[in-house]
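Me: I have a structure open and would like to learn how to read it. Please take me through some of its features, one at a time.

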Amino acid sequence: MKPEEIIQWYNERSGLGEIMRKDVGNALWNYLHTLAEWTPPEPARQNQVFEVVKKNVEVFPCQKCAKHGLEYIEKHPFDPEIGLKDYLWEFHNFINNGLGKKVYGRDILKQYSVVDHECEANELIKGCVQEG
C-alpha cells in the first residue's frame with residue numbers, strides 16, 4: 001500500500017475526522033521528538049533513525065502535512081552533524097508555520113528529555129534521571 005493510500009484508508013474509516021487526525025498527529029510528533037532525544041549522536045545511528053522519521057512523515061494523518069513534510073525533507077536533506085533533535089525542531093516549526101500554528105523556540109525540546117545525559121551508561125541503567 002502506498003503512503004497516500006494508507007492516509008486515504010485512514011481518513012475514510014476515521015469517524016472522528018479532524019479530531020482523530022489532530023490526536024494522532026500530536027502523538028506522532030511526541031514520538032518523533034522523543035525518539036530524536038534518545039538517539040545516540042553517532043552519525044550512522046542518526047541516519048538510521050532519520051529513515052524511521054521519513055517513513056512516519058509519509059503516513060502523517062494530515063495529507064497536507066505529509067506532502068509538505070516530504071517536500072521539506074527533499075529540500076533540506078538531513079545532516080547528522082546538525083543532529084536529529086535540532087532537525088526535527090526546525091522541521092516541526094516548518095510544518096506548524098505552514099498550518100498557521102504557533103512556532104516554538106528550542107526550549108520546547110526540554111519536555112522530551114527525561115534523562116540526564118551527563119549520566120554514565122551504567123548509572124543510566126540504575127535510573128539516573130533529572131530531578132524535578
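What follows is a dialogue that goes from the overall fold to single residues.

Me: What should I know about the model before starting?

Reply: This is a predicted model, in which local features need pLDDT of at least 70, side-chain atom pairs count only at pLDDT 80 or more, and totals for chains, interfaces and linings use all residues. Residues are numbered from 1 along each chain as its sequence is written, and side-chain values use heavy atoms, with hydrogens and water left out.

Me: How many helices and strands does the protein have?

Reply: Helices (H or I, at least four residues) and strands (E, at least two) are DSSP runs, numbered from the N terminus. Here there are six helices and zero strands. Along the sequence the pattern reads α-α-α-α-α-α.

Me: What share of the residues is buried?

Reply: Buried means under 20% relative accessible area, exposed over 50%, and partly exposed in between (1.4 Å probe, protein chains only). Of the 132 residues in the protein, 32% are buried.

Me: How do I read contacts?

Reply: Two residues are in contact when they have heavy atoms within 4.5 Å. Take the contacts between residues at least 6 apart in sequence: 55% of them join residues at least 24 apart.

Me: Which residues of the largest nonpolar core touch the most other members?

Reply: A nonpolar core is a set of buried Ala, Val, Leu, Ile, Met, Phe, Trp, Tyr and Cys residues joined through side-chain atoms within 4.5 Å. The largest one has 19 residues, and Phe60, Leu84, Leu88 and Phe91 touch the most other members. At least two residues each come from α2, α3, α4 (63-75) and α5 (84-98). The largest share is that of α5, with five residues. As for Leu88, leaving aside neighbours within four places in sequence, its contacts are Trp29, Leu32, His33, Ala36 and Val53.

Me: His33 is on that list. Is His33 buried or exposed?

Reply: His33 has a relative accessible area of 5%, so it counts as buried. This residue is found in helix α2. Not counting residues up to four places away in sequence, His33 touches Leu88, Trp89, His92, Leu109 and Tyr112.

Me: Where is Thr39, and what does its side chain reach?

Reply: Thr39 sits in the loop between α2 (18-38) and α3 (43-58). Its relative accessible area is 10%, so Thr39 is buried. A polar contact is a pair of N or O atoms within 3.5 Å; within protein, one must be able to donate a hydrogen and the other to accept it, and residues adjacent in sequence count only if both atoms are side-chain atoms. The side chain of Thr39 reaches the backbone oxygen of Leu35 at 2.6 Å. Beyond neighbours within four places in sequence, Thr39 is in contact with Arg45, Gln46, Val49 and Leu84.

Me: Then what about Leu35?

Reply: Leu35 is in helix α2. With 23% relative accessibility, Leu35 is partly exposed. Neighbours within four places aside, Leu35 is in contact with Val49 and Val52. Leu35 and Tyr112 are 77 residues apart along the chain, yet their C-alpha atoms are separated by 8.8 Å.

Me: Which residues are closest to the centre of the largest pocket?

Reply: On a 1 Å grid over the protein atoms alone, a cavity is a set of points where a 1.4 Å probe fits but cannot get out, and a pocket is an open set with protein on both sides within 12 Å along at least five of seven lines; lining residues have an atom within 4 Å of a point. Grid points are joined across faces, edges and corners, and a volume is the space filled by probe spheres set on the points. The largest pocket holds about 560 Å³ of space. It is lined by 25 residues, of which Asn26, Trp29, His92, Asn96 and Lys101 are closest to its centre. The largest share of the lining, nine residues, comes from α2.

Me: How many of the lining residues are nonpolar, polar and charged?

Reply: Ala, Val, Leu, Ile, Met, Phe, Trp, Tyr, Cys and Pro count as nonpolar, Asp, Glu, Lys and Arg as charged, and the others, Gly among them, as polar. The lining has 13 nonpolar, eight polar and four charged residues.
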